[in-house]
Protein chains: 2
Amino acid sequence: MPLLVMKFGGTSVADLDRIANAAQKVQREVERGYDVIVIVSAMSGKTNELVGWVEKTSPLYDAREYDAVVSSGENVTAGLMALRLQEMGVPARSWQGWQVPINTTSAHGSARFIDIPRANMDAKFAEGFKVAVVAGFQGLSAEGRITTLGRGGSDTTAVAFAAAFGAERCDIYTDVDGVYTTDPRITSKARKLDKIAFEEMLELASLGAKVLQTRSVELAMRYKVRLRVLSSFEDTDETSGTLVCDEDEIMESKVVSGVAYSRDEAKMTLVKVEDRPGIAAAIFGPLAEAGVNVDMIVQNISELDDPADKRAYTDMTFSLPTNQVERAKKAIEEATAAGKFAYAKLVTDTDVAKISVVGIGMRSQVGVAAKMFAALAAENVNIKVITTSEIKISVLIDRKYMELAVQALHDTFELEKA
Amino acid sequence: MPLLVMKFGGTSVADLDRIANAAQKVQREVERGYDVIVIVSAMSGKTNELVGWVEKTSPLYDAREYDAVVSSGENVTAGLMALRLQEMGVPARSWQGWQVPINTTSAHGSARFIDIPRANMDAKFAEGFKVAVVAGFQGLSAEGRITTLGRGGSDTTAVAFAAAFGAERCDIYTDVDGVYTTDPRITSKARKLDKIAFEEMLELASLGAKVLQTRSVELAMRYKVRLRVLSSFEDTDETSGTLVCDEDEIMESKVVSGVAYSRDEAKMTLVKVEDRPGIAAAIFGPLAEAGVNVDMIVQNISELDDPADKRAYTDMTFSLPTNQVERAKKAIEEATAAGKFAYAKLVTDTDVAKISVVGIGMRSQVGVAAKMFAALAAENVNIKVITTSEIKISVLIDRKYMELAVQALHDTFELEKA
């Protein structure tokens, strides 16, 4: 029997009507001949309520108890979804993480999968159950305690089940109808993509296109799980949404697939740092320890050279989320006080945004960067920092130009055309 | 290490403040040198919300899914209570039914205990944990599914743990401060009892003194678990509340310990039923099958004797909850239509109440019934039905005399005096 994994997020199971709506989508797949594993999140708002109670009860909470409490929202939805399916005549039952079992590490709050033994669930499918409704976001540690997987945990649960059970596809139902060439709120020319490669999706996800969590896409790529993103709130069929798949499955891809942006970026420059082996480690080690998520890093020759000083100097520029600037400053102060490195000046710019063009076609195509820079220059947008990877070019610009830049690049690469 | 079981019901853990209040009571027992097993209910209102969702989703719900959903409320409270205790410096952890495990039958919605193996929890006490917070009302079936215990399940869980772990005592914290000689809303002379025997408590509980569920008292009596009922909302010490215990522990007991009443009673009389062997079974079998809870049964000689008819006739009177009258009528109609028995007339009185005096001292004391009947006669209260047991005398009277009768009997047996 072919098997499908279907995942419904919090807004898709927010109340009994929406659970009924989701159940209809499941029923349709059963009627098409699939066995289905359904992964459900908690009703939207429930997990936040539970987290709030935990944090109020114990600000420095025991992560094992946190997991025991916050995992309960998914158990409720799983039971209700199974009941709804039964009511519609579909043989279904709910599964909590420990019943499957979903074996994970003991890293409570951010556990990782170890394995998902198939025996228990296979036995129930063999008995005639057509649907297994699994509480997402949770697992079981070797110590017999409930774990949770951290942000996006239900997406990750869905991909892990699709991998473990060799599912034909993993459908992620959410409140958007697919992955777009860019944010439709910025330009009405944004076009829904029929297919996108895992690598492209990864770059788009980590750049702020918040459709799928990075970790679930990574897992899907590793196990070649075909992912489909589609809407819970529209009629959908086999061609709906966007398929995230291996690039081999994408016949002819455009050079650029999408334009992503990230608004809450800041730029910091350490001016006139002594240029010696190990200096990057001396700077970015303490930042990492302080939990600062450094993204782009650029190293230039410093312009503040003193002819009397024979040592070489460099300027070190990096980007980070705006709300981590204070933490970064503190880490730099402590590191310099401890004699790890010295600098002449620290320049901080909290009014920048990151724009990226992404496409696996770039690998075989030259001149993409030049075309991008020319398009931005034509709009008088000054580029502050540039980084490139095999399938992505990112620039930092003044935040006020962000929407303009996205539209200009969307036009330049003709993304409105299929 | 001496061990105590403490149980907190829904109103005692209704919000974070009340959970903190309950945790203080637990901490105090730990400071006195006890290891403590805490049994918690769901926050008040939560279980009803979950039941409502289940019933709306599937009116004829699968009881296994019902249990999976409604058990989640207790898991939340258990985790929060453990967190609160940790925050106060008390080494505590939460336990869900399957983690202990609490092995039960597979009768979902009304499961019964099979056993509670001590190994897992004992190992944690040995590691230095002082408190085990257990989610009440739930267990684990042999099939690996979550079960629930039905009404009063958390009280029963508490008693079962006290029995399994040989607890010194099982303290039931609730919203009343103990067991009274009668309902204080009826007479301000009602007096809190320091001690009451299991048998007396059983009669009072099943008669409507809703402090403890009958099943938990039965279990406590069987395993000789000393139960204490006391208030969550007052400062309490070792002498607070009411101790429910073996009668051997009650030095000198009064003849009557309490006066109970039940308001929602109805009386039905089948007039002129043929008096033959098996007639009671013919009547009460169908009623039992229809789920009618028949309480008192009285059989009299019928006054409607017809001299021409040589057969013997009898009147059969019984009491039942008012809201089961229609169901009882239907069952009787069907049974007579099927030829199981015949009668001349069915008389229904839905305006009656039951008054009972209860006391283990009655066993060795004569004249209690006579004193009771005299007290009622002095107030012109007509008695409609009488039944007696070893430690209880119950009468049905017109409902309008109920409060009067309770006060008269409370005075007659001098229950206001310790």
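Which residue forms a salt bridge with Lys7(B)? The partner is Asp155(B), and the closest N and O atoms of the two are 2.8 Å apart. A salt bridge here is a side-chain nitrogen of Lys or Arg within 4 Å of a carboxyl oxygen of Asp or Glu. Before going further, please keep in mind that this is a predicted model, where local features need pLDDT of at least 70 and side-chain atom pairs count only at pLDDT 80 or more, while totals for chains, interfaces and linings use all residues. Residues are numbered from 1 along each chain as its sequence is written, chains are lettered from A in the order in which they are written, and side-chain values use heavy atoms, with hydrogens and water left out.

Back to our opening pair. Lys7(B) sits in strand β1 (residues 3-8) of chain B and Asp155(B) in helix α6 (residues 153-164) of chain B, so the bridge links parts 148 residues apart; helices (H or I, at least four residues) and strands (E, at least two) are DSSP runs, numbered from the N terminus. Lys7(B) is buried at 9% relative accessibility, and Asp155(B) is buried at 6%. Buried means under 20% relative accessible area, exposed over 50%, and partly exposed in between (1.4 Å probe, protein chains only).

Over all chains, the search finds 54 salt bridges. Another of them joins Glu247(B) and Arg363(B), at 3.0 Å from N to O. Glu247(B) is in the loop between β12 (242-245) and β13 (258-274) of chain B, and Arg363(B) in the loop between β16 and α11 (368-378), so this pair ties together parts 116 residues apart in sequence. Glu247(B) is partly exposed, at 25%, and so is Arg363(B), at 37%. In chain A, salt bridges that share partners join Glu29(A), Arg32(A) and Glu238(A) into one network. Glu29(A) is buried, with 4% relative accessibility, whereas Arg32(A) is partly exposed, at 33%.

Let's turn to where the chains meet. Here 35 residues of chain A are in contact (heavy atoms within 4.5 Å) with 35 residues of chain B. The two chains bury about 3,100 Å² between them, 62% of it on carbon and sulfur atoms; buried area is the accessible area (1.4 Å probe) that two parts lose on being put together, summed over both. In chain A, Thr57(A), Leu83(A) and Trp98(A) lose the most area to chain B, together 20% of what that side buries. Across this interface the rule finds zero salt bridges. The largest share of the side of chain A that touches chain B, nine residues, comes from α4(A).

Finally, the aromatic rings. Rings of Phe, Tyr and Trp (its six-membered ring) pair if their centres lie within 6.5 Å; planes under 30 degrees apart count as stacked, over 60 as edge-to-face and the rest as tilted. By this rule there are eleven aromatic pairs over all chains. Phe284(A) and Phe318(A) have ring centres 5.4 Å apart and planes at 85°, so this pair is edge-to-face. Phe284(A) belongs to helix α9 (residues 279-289) and Phe318(A) to strand β15 (residues 313-321) of chain A, so the pair ties together parts 34 residues apart in sequence. Both phenylalanines, Phe284(A) and Phe318(A), are buried. In chain B, Tyr61(B) and Tyr66(B) are stacked, with 4.7 Å centre to centre and 15° between the planes.
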